[in-house]
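Dear colleague,

I am passing on the structure we spoke about, with the sequence alongside. Please look through it first, and then read the notes below with the model open.

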Amino acid sequence: MDDLLSIKEIKVKQIIIIFLLIFINSAAFAHSQLTEILPKDNVTYNEVPPQIEMKFKSEVKLVKIDLIRVDIKEKIKLDSSLLKNKSNNYSIPMPKLDAGIYRFEWRALSPDGHIIKGKSNFEVK
C-alpha cells in the first residue's frame with residue numbers, strides 16, 4: 001500500500017512540475033515587448049523627428065496607430081498602409097507638426113494573439 005501511495009505522490013509531483021514548466025515557458029514568450037520607440041516618451045524636441053520608429057523583440061502586427069495633439073485635442077493623420085504587415089521594426093513617416101504637445105498611441109497583435117499597446121508623449125518646441 002505504501003508503494004502505491006509513493007507512486008501516486010511521484011506522479012502528482014511530475015504533473016505539477018510539467019505544468020509549471022509549461023506555464024513559465026508560455027508566460028516568458030507570451031507577448032512581444034517594445035524595445036525602442038522614437039519619439040521617446042516625455043522628451044521635448046526642438047526639431048520634429050523625421051519618422052516614428054518602433055522596434056519590438058519579435059514580429060508583431062500593428063493594428064492601430066494614432067497621433068494626437070494633446071494641447072488642442074486634434075488627431076493628426078498618419079500613414080496607416082503598414083498596418084497590414086507583420087514586422088519587428090516599423091518606420092512611420094512623421095507628418096509636419098507645429099509646436100505643441102503630442103501623444104503617439106499604438107496597438108499591436110503579438111505572436112500569441114494577444115493585443116499589446118503603448119504610448120509615447122512628447123513635445124515639439
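A contact, as the word is used throughout this message, means heavy atoms within 4.5 Å. With that in mind, residues 24 or more positions apart account for 63% of the contacts in the protein chain that have a separation of 6 or more.

Before the details, two remarks on how to read them. This is a predicted model, in which local features need pLDDT of at least 70 and side-chain atom pairs count only at pLDDT 80 or more, whereas totals for chains, interfaces and linings use all residues. Residues are numbered from 1 along each chain as its sequence is written, and side-chain values use heavy atoms, with hydrogens and water left out.

Overall architecture

The protein chain has 1 helix and 7 strands, where helices (H or I, at least four residues) and strands (E, at least two) are DSSP runs numbered from the N terminus. Followed along the sequence, these elements give the pattern α-β-β-β-β-β-β-β. Of the 125 residues in the protein chain, 29% count as buried; buried means under 20% relative accessible area, exposed means over 50%, and partly exposed is in between, with a 1.4 Å probe and protein chains only. The accessible surface of the protein chain comes to about 8800 Å², and 57% of this belongs to carbon and sulfur atoms; such areas come from the Shrake-Rupley method with a 1.4 Å probe, and for residues only the protein chains shown count as cover.

The nonpolar core

A nonpolar core is a set of buried Ala, Val, Leu, Ile, Met, Phe, Trp, Tyr and Cys residues joined through side-chain atoms within 4.5 Å. The largest one here has 24 residues, and those with the most contacts inside it are Met54, Leu62, Leu67, Ile92, Phe104 and Trp106. Two or more residues of this core come from each of strand 3 (51-69), strand 5 (86-93), strand 6 (100-109) and strand 7, and strand 3 gives the most, with 7 residues.

Asn89 is found in strand 5 and counts as partly exposed because its relative accessibility is 45%. The C-alpha atoms of Asn89 and Leu34, which are 55 residues apart along the chain, are separated by 9.7 Å.

Charged and polar side chains

How many salt bridges does the structure hold? There are 6 salt bridges, each defined as a side-chain nitrogen of Lys or Arg within 4 Å of a carboxyl oxygen of Asp or Glu. Glu123 forms one of them with Lys125, the closest N and O atoms being 3.5 Å apart; Glu123 counts as partly exposed at 25% relative accessibility, while Lys125 counts as exposed at 57%. Elsewhere, salt bridges that share partners join Lys64, Asp66 and Lys75 into one network.

Asp98 lies in the loop between strand 5 and strand 6 and forms a salt bridge with Lys96, with 3.7 Å between the closest N and O atoms. Lys96 is exposed, since its relative accessible area is 75%, and Asp98 counts as partly exposed at 47% relative accessibility. Not counting residues up to four places away in sequence, Asp98 touches Arg69 and Val124, and the C-alpha atoms of Asp98 and Glu123, 25 residues apart along the chain, are separated by 9.9 Å.

In the loop between strand 6 and strand 7 you will find Ser110, which counts as buried because its relative accessibility is 4%. Its side chain makes a polar contact (2.4 Å) with the side chain of Asp112; a polar contact is a pair of N or O atoms within 3.5 Å, where within protein one must be able to donate a hydrogen and the other to accept it, and residues adjacent in sequence count only if both atoms are side-chain atoms.

With regards
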